[in-house]
Amino acid sequence: MVEFEIPDIDYTRYSNRQLVAIPLAILGLALVILLGNFLITGTSPVSLGMAFTGGTELRIETADTQPQIERAFDADIESIAPIRSEANEYIVTFPPSDADPQQQAQAAGYEVISSQERAASFGQDTQRQAFMGIGVAFLGMALLVFGLFRTFIPSIAVVASAFSDIVIPVALMSLFDIPLTLGTVAALLMLIGYSVDSDLLLNNHVLRRRGGFYESTYRAMRTGVTMTLTSIAAMVAMTITASFLAIDLLPSVGLILVFGLVADLMNTYLLNVSLLRYYKYEAVAQ
């Protein structure tokens, strides 16, 4: 494993309110972004990919520019994404309609490399199943955490951190217009696992191992921060490589994981630490 120099943070200099203020403020901002986008679009806080909306996806080869491609089709175009600039290849996505985009592409003289269609009703079913999968995974994680610790504050610290680790990347997806696809849903499910792993590591060191609160926290940080930074470095490398090689799905997945892992560092070692310190020194004493 890559070794990172983990600086010791003097938590005694900050009150619990000061520690919790930053993660809660960023979580609140993320919720405002998602709510605002939902009110603007009236459909979803993030843009949905074709797997959830239905439609047609064409991969074409042409020397035309993107504005020229838009004018070549009578049907509405949802997105145009260059795949291989040296080969003049594009993925053009269309929402569900009665028009035949493939026929129009051939009439415009474009070479259709591949075509994929998905019915709107099937996309809605997939959307419900994906959201249900995330909800069930999160609920299962919460029940497992409460079963492990059987005390409210340490358990809610893990659940709150995991919730924030999901909401913040979704808000950034909304800002950067990264669509929700089956691949990005898988990335969000992975973030639940990453979040719980780092938070359980911290809670176990503080609650179940010998040593004072700060000694246990620093011991957990040395392992947890190293693990997370290593994962971030791997995801950054994957994102850059996948973007350079024009691999469609992996750049979005890598970005979401980087967003979530950075948020996890903040939530674990600010939000979770503040709640655990409150539990150790104030809640137990009452």
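Visitor: How much of the protein chain is made up of buried residues?
Guide: Buried residues account for 42% of the 286 residues in the protein chain. Keep in mind that this is a predicted model.

Visitor: OK. What does the secondary structure come to?
Guide: The protein chain has nine helices and four strands.

Visitor: And in what order do the elements run?
Guide: Starting at the N terminus, the order is α-α-β-α-β-β-α-β-α-α-α-α-α.

Visitor: What box do the C-alpha atoms fill?
Guide: Along the principal axes, the C-alpha atoms of the protein chain fill a box of roughly 75 × 35 × 30 Å.

Visitor: Is Arg 17 buried or exposed?
Guide: Arg 17 is exposed, because its relative accessibility is 74% and the cut-off for exposed is over 50%.

Visitor: Switching to charges. How many salt bridges does the structure hold?
Guide: Three. One of them joins Glu 89 to Arg 59, where the closest N and O atoms are 2.9 Å apart.

Visitor: Where do Glu 89 and Arg 59 lie?
Guide: Glu 89 is in strand 3, residues 89-94, and Arg 59 is in strand 1, residues 55-61, so the pair ties together parts that are 30 residues apart in sequence.

Visitor: Why would side chains like that pair at all?
Guide: Opposite charges on side chains can pair when the charged atoms come close.

Visitor: Is Glu 89 buried or exposed?
Guide: Glu 89 counts as buried, because its relative accessibility is 8%, and buried means under 20%.

Visitor: Next bridge. What does Asp 125 pair with?
Guide: Asp 125 forms a salt bridge with Arg 128, and the closest N and O atoms are 2.1 Å apart.

Visitor: How are Asp 125 and Arg 128 placed in helix 5?
Guide: Asp 125 and Arg 128 are three residues apart in helix 5, residues 120-149, so about one helical turn separates them. Asp 125 is partly exposed at 32% relative accessible area, and Arg 128 is partly exposed at 49%.

Visitor: And Arg 219, which residue does it bridge to?
Guide: Arg 219 bridges to Glu 215, with 3.5 Å between the closest N and O atoms. Both Arg 219 and Glu 215 lie in helix 8, four residues apart, which is about one turn of the helix.

Visitor: How accessible are Arg 219 and Glu 215?
Guide: Arg 219 is partly exposed, with a relative accessibility of 22%. Glu 215 is partly exposed too, with a relative accessible area of 48%.

Visitor: Moving on to helix packing. At what angle do helix 6 and helix 7 pack?
Guide: Helix 6, residues 152-175, and helix 7, residues 182-208, pack at about 150°, and their axes are 9 Å apart. Helix 6 is therefore roughly antiparallel to helix 7, since angles over 145 degrees count as roughly antiparallel.

Visitor: Is that crossing left-handed or right-handed?
Guide: The crossing of helix 6 and helix 7 is right-handed.

Visitor: Now backbone angles. What is phi of Asp 177?
Guide: Phi of Asp 177 is near 55°, a positive value in a residue other than glycine. Asp 177 sits in the loop between helix 6 and helix 7 and is exposed, with a relative accessible area of 56%.

Visitor: And what about phi of Arg 150?
Guide: Phi of Arg 150 is near 55°, again a positive value in a residue other than glycine. Arg 150 is in the loop between helix 5 and helix 6, and its relative accessible area of 73% makes it exposed.

Visitor: Last topic, the surface. Which residues form the nonpolar patch?
Guide: Phe 244, Leu 245, Ile 247 and Leu 250 form a nonpolar patch on the surface, and together they have about 420 Å² of accessible area.

Visitor: Where is Phe 244?
Guide: Phe 244 is in helix 8, residues 213-244. Phe 244 is exposed, at 74% relative accessible area.

Definitions and conventions:
Residues are numbered from 1 along each chain as its sequence is written. This is a predicted model: local features need pLDDT of at least 70, side-chain atom pairs count only at pLDDT 80 or more; totals for chains, interfaces and linings use all residues. Side-chain values use heavy atoms; hydrogens and water are left out. Patches are made of residues with over 30% relative accessible area and no salt bridge: like charges are joined within 9 Å, nonpolar side chains (Val, Leu, Ile, Met, Phe, Trp, Tyr) within 5 Å. Accessible areas come from the Shrake-Rupley method with a 1.4 Å probe; for residues, only the protein chains shown count as cover. A salt bridge is a side-chain nitrogen of Lys or Arg within 4 Å of a carboxyl oxygen of Asp or Glu. Helices (H or I, at least four residues) and strands (E, at least two) are DSSP runs, numbered from the N terminus. Buried means under 20% relative accessible area, exposed over 50%, partly exposed in between (1.4 Å probe, protein chains only). Axes are lines fitted to C-alpha atoms, for helices over the stretch in contact, and angles run from 0 to 180 degrees between N-to-C directions. Angles under 35 degrees count as roughly parallel, over 145 as roughly antiparallel, 65 to 115 as roughly perpendicular and the rest as oblique. A crossing is left-handed if the near helix is turned anticlockwise from the far one by less than a right angle, and right-handed if clockwise.
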